[in-house]
Amino acid sequence: MNFFGITIGTTTLLIIGLGFPLVIRGERHLGYLWWPYMLGIGFISIFASLFIVANWLSVVIGVLGSTFVWGSTELKEQAVRTELGWFPFNGNKIKPPFENIIKKWRAPHL
Amino acid sequence: MNWIGLVAALTAFFSIWAGHVAVRKIEAASRTIWVPTVIAIVLGLIAEYCSLVTNYLPLKTALGIIGITLLWDALEFTRQQKRIIKGHAPSNPNNPRHAKILAEHKTATTLDLLKRDPIGHVVSADEAIQLITDNWH
């Protein structure tokens with residue numbers, strides 16, 4: 001009997017908690033069209049977790065990755081929330097590389 | 001290769017996804033929010049207990065994450081009801097609790113104002129409705 005699972009669960013909650021400001025600030029300053037980059041960071045992080053020997057660190061990096069993957073699916077809806085006035089709207093966002101290609105893709109949403 | 005990070009990542013992603021969808025659907029259908037809240041708390045505590053007593057690390061990790069997700073979902077039922085009151089999530093007029101909210105709060109709506117793509121500028125209340133109405137046809 002040990003508390004590894006409960007500690008990991010609580011740590012996951014805290015890491016996912018970081019996802020809220022990540023999505024809100026990320027969308028405000030960069031815009032939702034950065035979603036493929038956020039998704040990519042998430043997948044790279046989860047892949048990197050496979051090569052980390054320490055269990056707790058592997059879990060932290062894995063969960064951090066899934067937070068980025070989840071965040072990428074929230075960006076579009078967050079952009080609509082700012083347009084509705086539920087969050088501050090910023091008209092001068094930093095455009096992502098390959099913006100025109102990304103615009104043709106359907107942003108993920110769950 | 002250490003698979004424990006992948007186990008945690010997949011568990012976190014899918015349990016949060018499932019919880020996200022379940023909270024919205026159950027809150028919309030349930031006449032009370034305290035019943036689903038209590039059920040989620042009990043299930044969350046059971047999952048945490050199982051995580052505590054199992055020795056198989058992947059299962060211990062997954063149950064630990066699922067349990068905390070369920071405990072958070074318990075809280076989300078109240079947060080979702082607040083979204084319904086503010087009109088940030090669509091209310092279900094066939095649910096007597098939501099019908100009461102619709103009658104008492106002018107902000108509440110049956111429309112899902114988020115069900116569209118961003119257009120790149122702030123919209124008025126009328127335009128917000130127009131945009132989702134256009135999407136439906």
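## Chain A at a glance

Let's start with the overall build. Chain A has four helices and zero strands, and reading along its sequence gives the pattern α-α-α-α. Its C-alpha trace spans about 50 × 30 × 20 Å along the principal axes.

Of the 110 residues in chain A, 41% count as buried. Take the contacts in chain A with a separation of 6 or more: residues 24 or more positions apart account for 76% of them.

## How confident is the prediction?

Chain A has a mean pLDDT of 94, with 99% of its residues at 70 or more. Within chain A, helix α1 (residues 4-29) has the lowest confidence, at a mean of 93, while helix α2 (residues 35-49) has the highest, at 97.

Is F68(A) buried or exposed? F68(A) counts as buried because 22 other C-beta atoms lie within 10 Å, and the cut-off for buried is 20 or more. You'll find F68(A) in helix α3 (residues 55-83) of chain A. Setting aside neighbours within four places in sequence, F68(A) is in contact with M38(A), I41(A), G42(A) and S45(A). F68(A) and I46(A) are 22 residues apart in sequence, yet their C-alpha atoms are 9.7 Å apart in space.

F98(A) is another one to pick out, in the loop between α3 and α4 (99-104) of chain A. F98(A) counts as exposed because it has 11 other C-beta atoms within 10 Å, and the cut-off for exposed is 12 or fewer. Most residues other than glycine have a negative phi. F98(A) isn't a glycine, but it has a positive phi of about 60°.

## Where the chains meet

Now for the two chains together: 37 residues of chain B are in contact with 38 residues of chain A. On the chain B side, the elements giving two or more residues are α1 (4-29), α2 (34-53) and α3 (57-86). Which of the elements gives the most to the side of chain B that touches chain A? That's α1(B), with 10 residues. By class, this side of chain B has 24 nonpolar, nine polar and four charged residues.

The crossing is right-handed. From α1(A), the contact uses I8(A), T12(A) and I16(A), and from α1(B) it uses A8(B), A12(B) and I16(B). Sorted by class, that contact has five nonpolar residues, one polar residue and no charged ones.

In soluble globular proteins, nonpolar side chains tend to be buried together. Here, the largest nonpolar core has 44 residues, and the ones touching the most other members are V63(A), L75(A), A8(B), A9(B), A12(B) and I65(B). Helices α1, α2 and α3 of chain A and α1, α2 and α3 of chain B each give two or more residues to this core. The biggest contribution is from α3(A), with 11 residues.

Leaving out neighbours within four places in sequence, V63(A) is in contact with T12(A) and I15(A) in chain A, and with A8(B), A9(B) and A12(B) in chain B.

How values were computed
Residues are numbered from 1 along each chain as its sequence is written. Chains are lettered from A and ligands numbered from 1 in the order in which they are written. This is a predicted model: local features need pLDDT of at least 70, side-chain atom pairs count only at pLDDT 80 or more; totals for chains, interfaces and linings use all residues. Two residues are in contact if their C-beta atoms, placed from the backbone, lie within 7 Å. Ala, Val, Leu, Ile, Met, Phe, Trp, Tyr, Cys and Pro count as nonpolar, Asp, Glu, Lys and Arg as charged, and the others, Gly among them, as polar. pLDDT is the predictor's confidence in each residue, from 0 to 100. A crossing is left-handed if the near helix is turned anticlockwise from the far one by less than a right angle, and right-handed if clockwise. A nonpolar core is a set of buried Ala, Val, Leu, Ile, Met, Phe, Trp, Tyr and Cys residues joined through C-beta atoms within 7 Å.
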